[in-house]
Amino acid sequence: MDALDQSLITLLRHDCRRPVSELAALLKVSRATVRARLDRLERDGEIIGYTVVLRADAQPAAVRAITLIAVEGRKAGDVIDALKGFAEITSVHTTVGTWDIVVEVSAGSLPELDDLLRRVRLVPGVTTSETHLLLSTPRSARARL
């Protein structure tokens, strides 16, 4: 993937519905070049899909945090399945080391975050957790409106 591919992907991350002609103008290349690049990136599996970003997803939550979770024995799969049901959990990651699972959470207020953390600690198999508030995000690869 070269610099032109990277620039094309950056533009698509911000608005994947931009017409090829607009992408070509912004990149200062021909429409045929953009179309060929898109076709190749899709064919090679670099681009695996396009999506919609809802306003609710683009609005920063009042309170965001990272929660580190330790799991009892071999219950990680059950805990992950339970965590997928929490609307406030925006992503779930497995990891190695002291913590078994790392989740990104968002809430409208600190009392809402407190309630979420209480419910997470009640999930069967969760032995302990540690939460770190996120104050700002100077860089993110997520699309922004």
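Tutor: Helices α2 and α3 are roughly perpendicular to each other. Angles of 65 to 115 degrees get that label, those under 35 count as roughly parallel, those over 145 as roughly antiparallel, and the rest as oblique.

Student: Which conventions apply to the model?

Tutor: The model is predicted, so local features need pLDDT of at least 70 and side-chain atom pairs pLDDT 80 or more, whereas totals for chains, interfaces and linings use all residues. Residues are numbered from 1 along each chain as its sequence is written, and side-chain values use heavy atoms, leaving out hydrogens and water.

Student: At what angle do the axes of α2 and α3 cross?

Tutor: An axis is a line fitted to C-alpha atoms, for helices over the stretch in contact, and angles between N-to-C directions run from 0 to 180 degrees. Helices (H or I, at least four residues) and strands (E, at least two) are DSSP runs, numbered from the N terminus. The axes of α2 (residues 20–27) and α3 (residues 31–43) cross at roughly 105° and come within 8 Å. Contact means heavy atoms within 4.5 Å; here α2 supplies V20, S21, L23, A24 and L27, and α3 supplies R31, V34, R35 and L38. By class, six of these residues are nonpolar, one is polar and two are charged. Nonpolar covers Ala, Val, Leu, Ile, Met, Phe, Trp, Tyr, Cys and Pro; charged covers Asp, Glu, Lys and Arg; the others, Gly among them, are polar.

Student: How far apart are the axes of α1 and α3?

Tutor: The axes of α1 (residues 3–14) and α3 are 11 Å apart, at an angle of about 85°, which makes α1 roughly perpendicular to α3. L4, D5, L8, I9 and L12 of α1 meet T33, V34, R37, L38, R40 and L41 of α3.

Student: In what order do the strands of the sheet lie?

Tutor: Strands of a sheet pair through backbone hydrogen bonds, in parallel or antiparallel fashion. Two strands pair if DSSP finds at least two bridges between them. Here four strands form an open antiparallel sheet in the order β2-β3-β1-β4. Because β2 and β4 (126–134) are at the edges with a single partner strand each, one side of each has no neighbour in the sheet. The twist averages 20° from one strand to the next.

Student: Is β3 mostly covered or exposed?

Tutor: Strand β3 (residues 101–107) is mostly covered, with six of its seven residues buried. Buried means under 20% relative accessible area, exposed over 50% and partly exposed in between, with a 1.4 Å probe and protein chains only.

Student: Which residues have the most contacts inside the largest nonpolar core?

Tutor: In soluble globular proteins, nonpolar side chains tend to be buried together. A nonpolar core is a set of buried Ala, Val, Leu, Ile, Met, Phe, Trp, Tyr and Cys residues joined through side-chain atoms within 4.5 Å. The largest has 19 residues, and I69, L83, I101 and L113 have the most contacts inside it. Elements giving two or more residues to this core are β1, α5, β3 and α6. A second, separate core of eleven residues includes L11, L23, A24 and V34.
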